[in-house]
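Hi everyone, thanks for making time for this today.

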Amino acid sequence: MKTYSDYLSSFFPGVKVQKISVDAGFTCPNRDGTISTGGCIYCRNDSFTPGYCNPKERIVEQLEKGKKFFSRKYPEMKYLAYFQSYTGTYNSNTEYLRSLYKEALGVKDIVGLVIATRPDCISEVTLEILSGINSEVPVFIELGAETSHDATLRRINRNHTWEDVVNATENINNFGLHCGLHLIAGLPGESKEDILKTVERAVSLPIETLKLHQLQVLKGTHLLEKLNRNEISIPEYSLDEYLNLCAEIIKIVPEKIIVERFLAQAPPEMVVYPKWGLKNYEFMTKLAKLIKQ
């Protein structure tokens, strides 16, 4: 099974490449009242945002701090500027978006962009801008789909649709950009069969990568509040059950699509469930052993 590192090597042969997250001060339409408030019920942005990210600082400053953090181990590293926090295309001022992306690419050793966004927040004008950049350096769009089931998308307060995902991936592909989907296993009300159906639908789209992880219940989220009030329930997977689910998913994913990861790792002090205590490489070792059996 090819890895995400193999995928990046096809764009940057012989070069070690690392994502550096930046916080450009974006928000989301399900936070600011455009379609809803409160955001996705499971979201806690600081659970995956590195300490060097600060929306009050310029993109250049955040990237330089990130480079300093990673270069201690790999001095010859090159980097992708990763607009990870919230929705990385969510601003009606497309020239402002262009200026942010160009600012990131002006930093030494930044060799491409990764833009995390929602399928309902990426206009054709924005795609034109990113397509122009993609003619110079690779641009990867990480599209938050989470599930193919519209009832779940409403339940978790995302409030876009699977049709939005289908349309967005087709538009991204038409502009020649590199698209990946983000999915979550174990969302409220979903069975194993629902998850596998989502994966089947996802891999039928014009995408190059999948990023899958288990649902994490984090302190300070609406999800935890709803669980405590018995307003919703979630499937509680043991580590072995989740490993077996991932092994089934691998069988569905064609070789041309790279699975970037299967595991999320929020800081342990934030996590209520599941408390598996594994790092990603440890999980992948167990998964590889299971597949070989």
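Let me begin with a question: how many of the eight residues of β3 are buried? Seven of them are, so β3 is largely enclosed by the rest of the structure. Before we go further, please keep in mind that this is a predicted model.

Now let's look at the sheet that β3 belongs to. The sheet is open and has seven strands, in the order β1-β2-β3-β4-β5-β6-β8, and the pairing is parallel. At its edges stand β1, residues 17-22, and β8, residues 258-261; each has a single partner strand, so one side of each is left without a neighbour in the sheet. On average, neighbouring strands of this sheet are turned by 25° against each other, ignoring direction. If you are new to sheets, here is some background. Strands of a sheet pair through backbone hydrogen bonds, either parallel or antiparallel.

Let's look at two of these pairings. β2 and β3 run parallel and are joined by five bridges. Within that pairing, Tyr-79 has Ile-110 of β3 as its bridge partner. Over at β6, residues 209-214, there are three bridges to β8, again in the parallel sense. There you can find Leu-210 opposite Val-259 in β8.

Next come the helices on the sheet. Helix α3, residues 94-105, packs on it and touches β2 (78-83) and β3 (110-117), with a direction about 145° from that of β3. Helix α9, residues 239-252, lies across β5 and β6, and runs at about 165° to β6.

Let's stay with β6 for a moment and pick out His-213, which lies in that strand. Is His-213 buried or exposed? It is buried, because its relative accessible area is 10%, and the cut-off for buried is under 20%. The side chain of His-213 makes a polar contact with the side chain of His-182, at 3.3 Å. Apart from neighbours within four places in sequence, the contacts of His-213 include Leu-183, Ile-184, Tyr-242, Arg-261 and Phe-262.

There is another histidine to look at, His-178, found in strand β5, residues 178-185. His-178 counts as buried because its relative accessibility is 14%. Not counting residues up to four places away in sequence, His-178 touches Tyr-7, Phe-11 and Glu-208, among others.

Now for the nonpolar core. The largest one has 81 residues, and those with the most contacts inside it are Phe-83, Leu-113, Leu-181, Tyr-242, Phe-262 and Phe-283. Which element gives the largest share of this core? That is α9, with eight residues. To see one of these residues close up, click on Phe-283: leaving aside neighbours within four places in sequence, its contacts include Leu-239, Tyr-242, Leu-243, Cys-246 and Phe-262. Apart from that core lies another one, of eleven residues, including Tyr-4, Leu-8, Tyr-82 and Val-114.

A word on the cysteines. A disulfide is a covalent bond between the sulfur atoms of two cysteines. How many disulfides does the structure hold? The count is zero. Take Cys-28: it is in no disulfide, and the nearest cysteine sulfur, in Cys-40, is 6.7 Å away. For Cys-40, the closest cysteine sulfur is that of Cys-43, at 6.0 Å, which is too far for a bond. Cys-28 is buried, with a relative accessible area of 9%, and Cys-40 is buried too, at 8%.

Finally, some backbone details. Most residues other than glycine have a negative phi, and most peptide bonds are trans. With that in mind, where is Asp-109 found? It is in the loop between α3 and β3, and its phi is positive, about 75°, although it is not a glycine. Asp-109 is partly exposed, with a relative accessible area of 23%. Glu-146 also has a positive phi, near 70°, and is a residue other than glycine. Glu-146 lies in strand β4, residues 139-146, and counts as buried at 6% relative accessibility.

My last stop is the peptide bond from Tyr-273 to Pro-274, which is cis, with omega near -10°. You will find Pro-274 in the loop between β9 (271-273) and α10 (280-292).

Methods: Residues are numbered from 1 along each chain as its sequence is written. This is a predicted model: local features need pLDDT of at least 70, side-chain atom pairs count only at pLDDT 80 or more; totals for chains, interfaces and linings use all residues. Side-chain values use heavy atoms; hydrogens and water are left out. Helices (H or I, at least four residues) and strands (E, at least two) are DSSP runs, numbered from the N terminus. Buried means under 20% relative accessible area, exposed over 50%, partly exposed in between (1.4 Å probe, protein chains only). Contact means heavy atoms within 4.5 Å. Two strands pair if DSSP finds at least two bridges between them. Axes are lines fitted to C-alpha atoms, for helices over the stretch in contact, and angles run from 0 to 180 degrees between N-to-C directions. A polar contact is a pair of N or O atoms within 3.5 Å; within protein, one must be able to donate a hydrogen and the other to accept it, and residues adjacent in sequence count only if both atoms are side-chain atoms. A nonpolar core is a set of buried Ala, Val, Leu, Ile, Met, Phe, Trp, Tyr and Cys residues joined through side-chain atoms within 4.5 Å. A disulfide is a pair of cysteine sulfur atoms within 2.5 Å.
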